Amino acid sequence: MASEPHTIAEHIAGTVRQLRKERGWSLDRAAGETGVSKAMLGQIERGESSPTVSTLWKIASGFRVSFSTLFDSDKPALGELHRDGWESVWGDDSAGMQARLLFPYDPLLGFEMFMIELAPGALSESSAHASGVVEHIVVIEGEMELRIDERWQTLRAGEGLRFFADRPHTMRNNTATRLRFHDVIHYLPGAASGT
(Lines give C-alpha, C1' and ligand atoms only; values in the text may rest on other atoms or scores of the structure.)
Protein backbone atom coordinates (compact mmCIF):
# COMPACT_ATOMS: atom_id res chain seq x y z
CA MET A 1 0.00 0.00 0.00
CA ALA A 2 1.20 3.50 -0.80
CA SER A 3 0.39 5.19 2.49
CA GLU A 4 0.14 3.99 6.07
CA PRO A 5 -3.49 3.47 7.18
CA HIS A 6 -4.77 5.58 10.07
CA THR A 7 -7.21 3.10 11.62
CA ILE A 8 -7.60 -0.63 11.94
CA ALA A 9 -10.66 -0.46 9.65
CA GLU A 10 -8.58 1.25 6.95
CA HIS A 11 -5.80 -1.29 7.41
CA ILE A 12 -8.27 -4.17 7.08
CA ALA A 13 -9.85 -2.63 3.95
CA GLY A 14 -6.48 -2.04 2.29
CA THR A 15 -5.08 -5.43 3.28
CA VAL A 16 -8.06 -7.43 1.97
CA ARG A 17 -7.94 -5.46 -1.29
CA GLN A 18 -4.17 -6.03 -1.57
CA LEU A 19 -4.39 -9.76 -0.81
CA ARG A 20 -7.06 -10.23 -3.44
CA LYS A 21 -5.12 -8.27 -6.09
CA GLU A 22 -1.84 -10.08 -5.33
CA ARG A 23 -3.58 -13.37 -6.06
CA GLY A 24 -5.41 -12.06 -9.11
CA TRP A 25 -8.74 -13.08 -7.57
CA SER A 26 -12.08 -11.58 -8.48
CA LEU A 27 -14.53 -10.83 -5.67
CA ASP A 28 -16.38 -14.00 -6.72
CA ARG A 29 -13.24 -16.11 -6.32
CA ALA A 30 -12.40 -14.47 -2.96
CA ALA A 31 -15.94 -15.14 -1.75
CA GLY A 32 -15.61 -18.80 -2.74
CA GLU A 33 -12.24 -19.18 -0.99
CA THR A 34 -13.23 -17.37 2.23
CA GLY A 35 -16.90 -18.25 2.64
CA VAL A 36 -17.69 -14.53 2.99
CA SER A 37 -20.22 -13.13 0.53
CA LYS A 38 -19.10 -11.05 -2.44
CA ALA A 39 -21.22 -8.14 -1.20
CA MET A 40 -19.66 -8.25 2.28
CA LEU A 41 -16.11 -8.47 0.88
CA GLY A 42 -16.81 -5.44 -1.33
CA GLN A 43 -18.10 -3.48 1.67
CA ILE A 44 -15.03 -4.45 3.72
CA GLU A 45 -12.66 -3.41 0.91
CA ARG A 46 -14.42 -0.03 0.64
CA GLY A 47 -14.34 0.46 4.42
CA GLU A 48 -18.15 0.43 4.58
CA SER A 49 -18.45 -2.52 6.96
CA SER A 50 -17.04 -3.42 10.38
CA PRO A 51 -16.65 -7.20 10.07
CA THR A 52 -16.92 -9.43 13.12
CA VAL A 53 -13.93 -11.33 14.46
CA SER A 54 -15.49 -14.50 13.01
CA THR A 55 -15.71 -12.93 9.54
CA LEU A 56 -12.09 -11.78 9.75
CA TRP A 57 -11.04 -15.34 10.63
CA LYS A 58 -12.82 -16.63 7.52
CA ILE A 59 -10.99 -14.06 5.41
CA ALA A 60 -7.59 -14.89 6.92
CA SER A 61 -8.16 -18.63 6.48
CA GLY A 62 -9.36 -18.23 2.89
CA PHE A 63 -6.33 -16.16 1.93
CA ARG A 64 -4.06 -18.42 4.03
CA VAL A 65 -2.54 -15.58 6.01
CA SER A 66 -2.19 -15.05 9.73
CA PHE A 67 -5.11 -13.44 11.54
CA SER A 68 -2.97 -10.51 12.72
CA THR A 69 -2.11 -9.64 9.10
CA LEU A 70 -5.56 -8.07 8.98
CA PHE A 71 -4.86 -5.93 12.06
CA ASP A 72 -1.33 -4.58 12.04
CA SER A 73 1.94 -4.79 10.17
CA ASP A 74 4.39 -3.68 12.89
CA LYS A 75 6.45 -6.54 14.28
CA PRO A 76 8.52 -5.82 17.37
CA ALA A 77 11.97 -7.39 17.17
CA LEU A 78 13.08 -10.02 19.66
CA GLY A 79 14.17 -8.21 22.81
CA GLU A 80 12.27 -5.07 21.80
CA LEU A 81 9.70 -3.75 24.27
CA HIS A 82 6.16 -4.02 22.93
CA ARG A 83 3.63 -1.63 24.43
CA ASP A 84 0.02 -2.71 24.42
CA GLY A 85 -1.98 0.05 22.75
CA TRP A 86 -5.71 0.48 22.25
CA GLU A 87 -5.05 1.32 18.61
CA SER A 88 -4.70 -2.42 18.04
CA VAL A 89 -8.22 -3.26 19.29
CA TRP A 90 -10.89 -4.64 17.00
CA GLY A 91 -14.47 -4.77 18.33
CA ASP A 92 -16.81 -4.78 20.12
CA ASP A 93 -18.34 -6.86 17.40
CA SER A 94 -21.88 -8.16 17.23
CA ALA A 95 -20.92 -11.26 19.22
CA GLY A 96 -19.68 -9.14 22.16
CA MET A 97 -16.07 -10.06 21.43
CA GLN A 98 -13.15 -7.64 21.48
CA ALA A 99 -9.69 -8.63 20.24
CA ARG A 100 -6.52 -6.76 21.12
CA LEU A 101 -3.37 -7.64 19.21
CA LEU A 102 -0.43 -8.13 21.60
CA PHE A 103 2.16 -9.64 19.23
CA PRO A 104 1.59 -9.78 15.46
CA TYR A 105 2.43 -12.87 13.47
CA ASP A 106 6.15 -13.51 13.15
CA PRO A 107 7.05 -16.01 10.41
CA LEU A 108 10.29 -16.90 12.19
CA LEU A 109 8.46 -17.96 15.35
CA GLY A 110 5.20 -19.04 13.69
CA PHE A 111 2.78 -17.47 16.16
CA GLU A 112 0.75 -14.39 17.09
CA MET A 113 -0.87 -13.43 20.40
CA PHE A 114 -4.11 -11.69 21.28
CA MET A 115 -5.92 -10.57 24.41
CA ILE A 116 -9.59 -11.41 23.90
CA GLU A 117 -12.53 -10.15 25.91
CA LEU A 118 -16.04 -11.61 25.83
CA ALA A 119 -18.87 -9.59 27.33
CA PRO A 120 -21.19 -11.21 29.90
CA GLY A 121 -23.56 -13.62 28.14
CA ALA A 122 -21.64 -13.39 24.84
CA LEU A 123 -21.06 -16.31 22.51
CA SER A 124 -18.63 -16.39 19.60
CA GLU A 125 -18.81 -19.18 17.04
CA SER A 126 -15.66 -19.64 15.00
CA SER A 127 -15.55 -21.51 11.73
CA ALA A 128 -12.69 -23.91 11.06
CA HIS A 129 -9.36 -22.16 10.54
CA ALA A 130 -6.79 -23.32 8.01
CA SER A 131 -5.22 -26.73 8.50
CA GLY A 132 -2.18 -26.50 10.76
CA VAL A 133 -3.52 -23.75 13.03
CA VAL A 134 -3.24 -24.49 16.77
CA GLU A 135 -4.82 -22.24 19.39
CA HIS A 136 -3.57 -21.94 22.95
CA ILE A 137 -6.23 -20.43 25.23
CA VAL A 138 -5.32 -19.23 28.74
CA VAL A 139 -8.09 -17.65 30.83
CA ILE A 140 -6.86 -14.74 32.94
CA GLU A 141 -10.19 -13.43 34.28
CA GLY A 142 -13.64 -14.96 34.45
CA GLU A 143 -14.84 -18.31 33.17
CA MET A 144 -15.03 -19.64 29.62
CA GLU A 145 -17.12 -22.41 28.17
CA LEU A 146 -15.38 -23.80 25.08
CA ARG A 147 -16.93 -26.23 22.62
CA ILE A 148 -14.74 -28.31 20.31
CA ASP A 149 -16.16 -31.30 18.41
CA GLU A 150 -19.54 -30.88 20.16
CA ARG A 151 -17.91 -31.26 23.58
CA TRP A 152 -18.17 -28.37 26.07
CA GLN A 153 -15.37 -27.72 28.55
CA THR A 154 -15.13 -25.07 31.27
CA LEU A 155 -11.92 -23.08 31.75
CA ARG A 156 -11.41 -20.85 34.78
CA ALA A 157 -8.78 -18.18 35.50
CA GLY A 158 -5.33 -19.76 35.40
CA GLU A 159 -6.45 -22.70 33.24
CA GLY A 160 -5.60 -23.25 29.60
CA LEU A 161 -6.26 -25.53 26.67
CA ARG A 162 -4.42 -26.15 23.41
CA PHE A 163 -6.31 -27.51 20.38
CA PHE A 164 -6.21 -27.84 16.60
CA ALA A 165 -8.41 -25.00 15.35
CA ASP A 166 -9.10 -26.51 11.92
CA ARG A 167 -12.59 -27.40 13.08
CA PRO A 168 -15.51 -25.24 14.24
CA HIS A 169 -15.27 -24.10 17.86
CA THR A 170 -17.37 -21.92 20.12
CA MET A 171 -16.39 -19.69 23.03
CA ARG A 172 -19.05 -18.62 25.50
CA ASN A 173 -19.15 -16.39 28.57
CA ASN A 174 -22.16 -17.72 30.42
CA THR A 175 -21.57 -15.50 33.48
CA ALA A 176 -22.52 -11.97 34.54
CA THR A 177 -18.89 -10.79 34.56
CA ARG A 178 -16.41 -10.20 31.77
CA LEU A 179 -14.15 -12.93 30.43
CA ARG A 180 -10.57 -12.12 29.44
CA PHE A 181 -8.13 -14.60 27.96
CA HIS A 182 -4.92 -14.82 26.00
CA ASP A 183 -5.11 -16.54 22.64
CA VAL A 184 -1.77 -17.64 21.22
CA ILE A 185 -2.25 -18.80 17.66
CA HIS A 186 0.47 -21.09 16.35
CA TYR A 187 0.78 -21.78 12.63
CA LEU A 188 2.48 -25.04 11.79
CA PRO A 189 4.70 -24.86 8.66
CA GLY A 190 2.57 -24.08 5.60
CA ALA A 191 -0.50 -22.97 7.56
CA ALA A 192 -0.01 -19.22 6.93
CA SER A 193 2.07 -17.41 4.39
CA GLY A 194 2.02 -14.03 6.17
CA THR A 195 2.35 -10.91 4.05
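## Salt bridges in the model

A salt bridge is a side-chain nitrogen of Lys or Arg within 4 Å of a carboxyl oxygen of Asp or Glu. The structure, a predicted model, holds 14 salt bridges.

Local features need pLDDT of at least 70 and side-chain atom pairs count only at pLDDT 80 or more, while totals for chains, interfaces and linings use all residues of this predicted model. Residues are numbered from 1 along each chain as its sequence is written, and side-chain values use heavy atoms, with hydrogens and water left out.

## Arg-178 and its partners

Glu-117 and Arg-178 form a salt bridge of 3.6 Å, N to O. Glu-117 belongs to strand E3 (residues 111-118) and Arg-178 to the loop between strand E9 (169-172) and strand E10 (179-187), so the bridge ties together parts that are 61 residues apart in sequence. Strands (E) are DSSP runs of at least two residues, numbered from the N terminus.

Arg-178 also forms a salt bridge with Glu-141, with the closest N and O atoms 3.1 Å apart. Glu-141 lies in strand E5 (residues 133-141), so this pair ties together parts that are 37 residues apart in sequence.

## Asp-149 and Arg-167

In the salt bridge between Asp-149 and Arg-167, the closest N and O atoms are 2.7 Å apart. Asp-149 lies in the loop between strand E6 (143-148) and strand E7 (151-156), and Arg-167 in the loop between strand E8 (160-164) and E9, so the pair ties together parts that are 18 residues apart in sequence. Asp-149 is exposed at 51%, whereas Arg-167 is partly exposed at 25%.

Conventions
Helix = DSSP H or I, 4+ residues; strand = E, 2+ residues; numbered from the N terminus. Buried < 20%, exposed > 50% of the residue type's maximum accessible area, 1.4 Å probe, protein only.
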